[in-house]
Amino acid sequence: MSALRLFMVAGEASGDLLAREVVQAIRRETDDVEFAGIGGQELASVGIHSPFDISSLSILGFAEGIRAYGTVVKLADAAADAIVAFKPDAVVLVDSWGFMLRVAQRVRTRAPEIKLIKLIGPQVWATRPGRAKTLAQTVDYLLCMHDMEVPYYEPYGLPTTVIGNPALSRNRPGDGQRFRAARGMAQDEKICLVLPGSRRSELAKVAPALLEAAKLVSSAVPGVRIIVSPSGNMAEAFDEAFPDVSGWAEVLHAPEERYDAMAAADLALACSGTVTSELAMQGTPMIVAYRTGWLTWALARGLLYKKRHITLLNIVSDDQEIVPEFVQTRQKPDLIAETAIQWLSEPKRLQAQKEAQQAALVRMQVGGHSSAEIAAATILSVARGQVVLTQE
């Protein structure tokens, strides 16, 4: 019996990380799998090297997506070529809705015998529920994060498995004391951590406000230490875009210290995204900011987005704001700094915030195995033909 052949496709940093974790989980289950794939540094670290650069897929927003449409189509064509040439038993399409949909459609047309598995579904519960029908018509199986997603796919017969939020499965406790000791910092010395985003568009639209807010905090709170931790995939781009930050803050370049920095911080100023769940797991109070293009925002608020908030911790808390959000027109450095300064002077407020975030995490958890382990077991079952699929 020949080895299974699996092709992984990851378009952005968070998807690349999850893809790597799933590959490692599959390899722990069996060594009878041959992998190929398209992705970034994470997949490359486990021996799956992309035939082309996918960094241009770090796109934010509708208008930005339109401008990059030609690039997305070319990459989707190239991805389909690579997949069909590899002749896998199954393809795992990780996150990145627009790009993965185009890849799936091309593979379905050219090689309908290849099983298509979507790992992480589009946010049908927040934006366009019609995407559930589109996805069901295009792929064979969905691995999603939340129980609340499943009812959207049931009318269309798409088999679905809930894997939980992958960020919760990682849950590697940081060592705040070690982080402080390495810098000669006292345990009562205040740290304000800035997490400026994992996309180039976020560095352009969100990071400036967070950094300016941090400067205001630095001026107003005596002795506070400002630590800036760019996402690993954006570290070089951050240094190029903000060369002066190292003059008034410490820029963290060691990715292995990222969780330690979170655990050490009294407060984080963060770009909305997966990092908010990671911060909550480290027990770090946070303030979230986000801004996208105006056309994207107008469409989202007017036609698409069905929730009042954008941070998952808030959404799972009955769409109540337990984490302060400064979004779009409210993403102003002085507003962000005002809240941060107030919190840093009120230890009880910071503790209450930790407790509220922990309660939200409890709502997000799926017991048992990690997200990667659940995904790996399901992918193997689908690839081996042990699951009855809608397309069959």
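The charged end of Arg5 sits over the ring of Phe86, and Arg183 lies over the face of Phe179. A charge sits over a ring if NZ of Lys or CZ of Arg is within 6 Å of the ring centre and within 35 degrees of the ring normal.

| Charged residue | Ring | Distance to ring centre |
|---|---|---|
| Arg5 | Phe86 | 3.9 Å |
| Arg183 | Phe179 | 3.8 Å |

This is a predicted model, in which local features need pLDDT of at least 70 and side-chain atom pairs count only at pLDDT 80 or more, while totals for chains, interfaces and linings use all residues. Residues are numbered from 1 along each chain as its sequence is written, and side-chain values use heavy atoms, leaving out hydrogens and water.

Ala82 belongs to helix α4, residues 69-86 (helices are DSSP runs of H or I, at least four residues; strands are runs of E, at least two; both are numbered from the N terminus). Ala82 is partly exposed, because its relative accessible area is 21% (buried means under 20%, exposed over 50%, partly exposed in between, with a 1.4 Å probe and protein chains only). Its C-alpha atom is separated by 13 Å from that of Arg5, 77 residues apart along the chain. Beyond neighbours within four places in sequence, Ala82 is in contact (heavy atoms within 4.5 Å) with Phe7, Ile38 and Pro51.

Ser317 lies in the loop between α16 (312-315) and β12 (325-327). With a relative accessible area of 12%, Ser317 is buried. Leaving aside neighbours within four places in sequence, Ser317 contacts Ile322, Ala360 and Arg363.
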